[in-house]
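Please look over the sequence and the structure shown below before reading on. The report that follows takes up strands, helices and a few single residues in turn.

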Amino acid sequence: MTGLPVLDLARFRSPERDAFLDDLRRAARDVGFFTVVGHGIAPELTARLDEEVRRFFALPLEQRLAIENIASRHFRGYSRVGTERTGGEADQREQIDVGPERSPVHGEARYWGLVGPNQWPPAQPALRDAVLSWQDEALRVSREILRALAASLGQPEDHFDRWFDDESHLHLKVVHYPGGASTGQGVGAHKDYGFLALLHQDDVGGLQVQVPGTGEWLDAAPVPDGYVVNIGEMLEVATRGYLTATRHRVASPPPGVDRYSVPFFLGPRLDAVVEPVDLPPELAAETADWDPNDDPDNPLLAAYGENALVGWLRSHPAVAARYWS
């Protein structure tokens, strides 16, 4: 295998629908990663996002730290290089964590503490609109892909809609990878815990995908106007392992080169408890050996809010210690 499958999402609403669904199911099943084109996100919107992202990371450090995530119990805001951890090791990236603009929720379950407002840099007011406008489009595309995946599994298109509404737990990261990091770990190997992730990346590259069943690491080369999509753990639970969340990592760029990316993560309501799909018999037969507790360090939970909270607490120990002890 030399690269990720490339799928034209416009085929989903065309006479090529059936062939597209076959291609989509095969890519999602065999690799768990693919690149979509034909998504309809305006290039002008993405270009504005790119400009504002680069402007932010060019700000003096004290202006970036004005929105440091240690000031947010909701894990929103800026984190400097080395403060987020994956697999117990420090990631060599700086970033802003962003979600929908919401007021805090005071529910009985602890995971409701993940809901709250974002932080935006006073020195760069244009960043807010650029990021939130792109987030809206990323949500639209991700929901369309999820509908296509439902259809590819023999379900009504709206099968997964029951777990999504205005309170869905969405978030994105605005990320900068400085070149020449000493460890080479831009982001350590991991799986995503939502339903889907959709990645906008520049042309530098660095994302690597571990092909299921082989151990081989595959470079996810950037495709012009393409977005990388991957399966998350909640979709693995919902399909009893017919679709599986795939391990992936990001290698730091070489000295003198900077990498920028904006990954968007599609999660359901925090109180969602995901129920398995009733797969067609020929697909269900391929899931007999699936075990949600196969990885004792990362058991897959059907209750999304608990799964999500564990991920945030593990990744941001300083915020966890300050607000969640």
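## Strands, helices and selected residues

Helices (H or I, at least four residues) and strands (E, at least two) are DSSP runs, numbered from the N terminus.

The model is a predicted one, in which local features need pLDDT of at least 70 and side-chain atom pairs count only at pLDDT 80 or more, whereas totals for chains, interfaces and linings use all residues. Residues are numbered from 1 along each chain as its sequence is written, and side-chain values use heavy atoms, with hydrogens and water left out.

Eight strands make up an open sheet of mixed pairing, in the order β1-β2-β12-β9-β14-β7-β6-β3. Because β1 (6–8) and β3 (77–79) stand at the edges with a single partner strand each, one side of each is left without a neighbour in the sheet. From one strand to the next, the twist averages 25°. Helix α2 packs on this sheet, where it touches β3, β6, β7, β9 (196–201), β12 (227–231) and β14 (259–266), and its direction makes about 115° with that of β14; contact here means heavy atoms within 4.5 Å.

Helix α2 (residues 43–57) also packs against helix α4 (residues 126–152), at an angle of about 135° and with the axes 9 Å apart. Axes are lines fitted to C-alpha atoms, for helices over the stretch in contact, and angles run from 0 to 180 degrees between N-to-C directions. The two helices are therefore oblique to each other, given that angles under 35 degrees count as roughly parallel, over 145 as roughly antiparallel, 65 to 115 as roughly perpendicular and the rest as oblique. On the α2 side the contact is made by L45, T46, R48, L49, E52, V53, R55 and F56, and on the α4 side by A126, L127, D129, A130, V131, S133, W134 and E137.

Buried means under 20% relative accessible area, exposed over 50%, and partly exposed in between (1.4 Å probe, protein chains only). Strand β13 pairs in the antiparallel sense over three bridges with strand β8 (residues 185–190), and H190 stands opposite H248. Strand β10 (residues 207–210) likewise pairs with β13 in the antiparallel sense over three bridges, with V250 as the bridge partner of L207.

| Residue | Phi |
|---|---|
| F75 | near 65° |
| R240 | near 50° |

F75 lies in the loop between α3 (61–64) and β3 and is buried, with a relative accessible area of 0%. R240 lies in the loop between α5 (233–238) and β13 and is partly exposed, with a relative accessible area of 43%.

Finally, V274 is placed in the loop between β14 and α6 (281–284) and counts as buried at 4% relative accessibility. Not counting residues up to four places away in sequence, V274 touches W163, F195, M234, V237, A238 and A302.

Conventions
Two strands pair if DSSP finds at least two bridges between them.
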